[in-house]
Amino acid sequence: MLNYLKKFKRDFQFRLLHNIKVTTPAERQVKRKKAISHGEVQERQFSLNNFESKFVLYRIIGNDLVPRHEKGQSRKNLEFILKNEPKLEGCVKHFIVNRIVDPDEEKQIIGMLEAANVEYIHIPFHLDAYQTLSLDVEGVPREYLPTGKLFTQLTAAQQSRIWMRLYRHKNNYVMNNNGARNAALSAGKAQAKWVLPWDGNCFLTDEAWKEIVTGIEEQPECRYFVVPMARISSNESLLEKGYRPHADEEPQMIFRCDSTEVFDEACYYGRRPKVELFWRLGIPGKWDHWHVEPWDIPCPGYSEDAGAFATAGWVARLFSGQGHLEKGKSGLVDRGLARNEAIANLLDRLDGVGFHSRYDSNRLCYVADVASHGGASETLRQSLVSAADEALSRGPYSVVDKKTLPPSNNLHDYWHPAPYFWPIPLPIPGLPYIRRDGKRVPGTRLYEPMSDNYDRTRLQRLFDDTFVLALAGSVSQDERYHDHASKLVRTWFLDPETAMAPHLEYAQVRKGWNGNRGSSSGIIEAKDFYYFLDAVRLLEQCNRLTESEADAFREWLSKYLHWLRTSPQGVKERAAQNNHGTYYDLQVGTIAAFLGEDTLLRHTLRDCRFRIVHQFAADGSQPEELKRTTTAHYCCFNLQGWIHLAQLAESCGEDLWSFEGPEGQSIRRAMEWLLSYMGKDWPFQQIDNFDSERYYPIYYAYLSRYGKVSGLEHLGIPSKEEVKPLFFPHDGIRPFWQLS
């Protein structure tokens, strides 16, 4: 008899919440009777003479997932099956070799199947096809993306599940879980009345097979059968006569050849790819109580075949090679974490293969043409040499030259007060400062006399002068420029008497707050490492830094990068939702690129795509920057950071220019929104003067990537070289931005 449903997969409240049609018990009873009646009619239409075999079993052999599985476990289990599984009466055995990434493992598995004279379907893995696949950003609500406000509040298990959703398309290609099951169904329905599209680690004893056949024969009206699975800790136990383990694991399925339901190939390995079908068919189980999370694929409604199933026999699941993951509730949780970790590691390794072939840590990110003495007109060359001559008269710079001590009393520590926090004249307990957005405290403005008390002006001079001198030396071949630039690098980073300690713990300090340490926002004061590191590359190319000096600089930079990624300030800055998050990614990405940290670079460029979704509205506006008192400045400033990030990505074969979020959020749309205000009054708050020429570098960046900007023809925009090459450093435009 049909195993009638004890309950459907969710209660009424849940199904109403998720917009799933609710049916009454009487309606479900009619549906089951209809399914049975339909099955009986179909049964009368069958002729077993149409098939050579009554059953066909396809086992799908996929990738080993370390640490969820032991390396080579799929091959070991196949060897055990071929050697020990009995002949199954009335059943033909086939296999599917399913997108195995490791060519050696795949070769050995195919060799074993061919030696055993067993038929198989080969579904190959193609790296070039895999590399075209994108992240499933649309599937995760904005606030739960890895750069979202709620992500850090989730458990490690929840965070790993979000990553699995983001990797869904890649996962589905590599693991091809439901795709291979459907391939087995398609091939099997032409061969036999009953098709078993099973996992590659399934093993049937003679007793188990007889129970399955008996169960099916006793309930011929059913088109679907559920076969409970037993998790085995020792494969050899299956060879003992009469061995009958308790089978209560997620079952396998058997399909009659007239069945209409298939596996949903949108569902990905590691997140209920088979359970989704259980829900459609109304198969009860522990999955009825599993939570549906905001980033999960929505629950399906009932199939027309809901209720047309029964249970038959049992099947063993062979050992995974990891015994500690096979037992108890803790094992269930640990299996999920290990599985997600293993999938992420495999996909990350595959992502790295193509990236590594495109990426070169010695490649200039921003001034490649200048390095080969191209891309600079005579006018720009003269301006560059003139600026370099001025830089020759300045420096070298050191943090030990400041006129006040940092809270640590160590002159080697970078030190700068918080620029927008003003001391309150009358002391109020617990409120020693008041924030005045856009109004800088004296001494925190670049180049003003009182700025000598601190390090911000010196750091900016270091970045700008080194860059201009290195460019001028490359264009003019005048050794004086390279010599002075290399001296700036040695003094600031390498000389023990003058070097800066590799951190920003005292950047943007409010004395009396946070133990007199700086804030996360102080990290943005080193935002211009991105073009400074191109200058260092140029100096290395012309041998102005010795090998030992280059190594010492990289050691300093490695320590600073570690601080950026692990300090409380760095962790908080990474989570920033506005321009601070953009410039954090720019610092980490360019430093990782310089140091050859290709995995960190890849991950930074991957994650910054999530920032695009957060920072830009569907129309291209920047809600976080529009909260400020100087909105024109911050909208331009943040977008410049994105231009630099996109140029960094482009230098190693990645494309941020064309990325779009689920609502069309993109760098392109943000540029179009901002450029629409060229030649017009800015309609948002801007409490100080704004340099309207800041639109021009953004305009020319758009022109070079997307083509003509419509609607600006009447403005008489100056040529690229007619625009000034040097903007104020707070504007976020690198010196001689025209050279690229």
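S520 sits in the loop that runs between strand β13 (507-509) and helix α16 (529-541); helices (H or I, at least four residues) and strands (E, at least two) are DSSP runs numbered from the N terminus. The model is a predicted one, where local features need pLDDT of at least 70 and side-chain atom pairs count only at pLDDT 80 or more, while totals for chains, interfaces and linings use all residues. Residues are numbered from 1 along each chain as its sequence is written, and side-chain values use heavy atoms, with hydrogens and water left out.

S520 counts as buried because its relative accessibility is 12%; buried means under 20% relative accessible area, exposed over 50%, and partly exposed in between, with a 1.4 Å probe and protein chains only. Setting aside residues up to four places away in sequence, S520 touches Q569, K572 and E573, a contact being heavy atoms within 4.5 Å.

Now for the nonpolar cores, which are sets of buried Ala, Val, Leu, Ile, Met, Phe, Trp, Tyr and Cys residues joined through side-chain atoms within 4.5 Å. The largest one holds 140 residues, and V174, F529, F532, I667 and M671 have the most contacts inside it. Apart from neighbours within four places in sequence, F529 meets F463, F493, W556, L557, Y560, Q587, T590 and I591. A second, separate core has 41 residues, including C202, F203, I216 and A247.

As for the whole chain, there are 23 helices and 13 strands, and 57% of the 740 residues count as buried. Among contacts between residues at least 6 apart in sequence, 75% join residues at least 24 apart.
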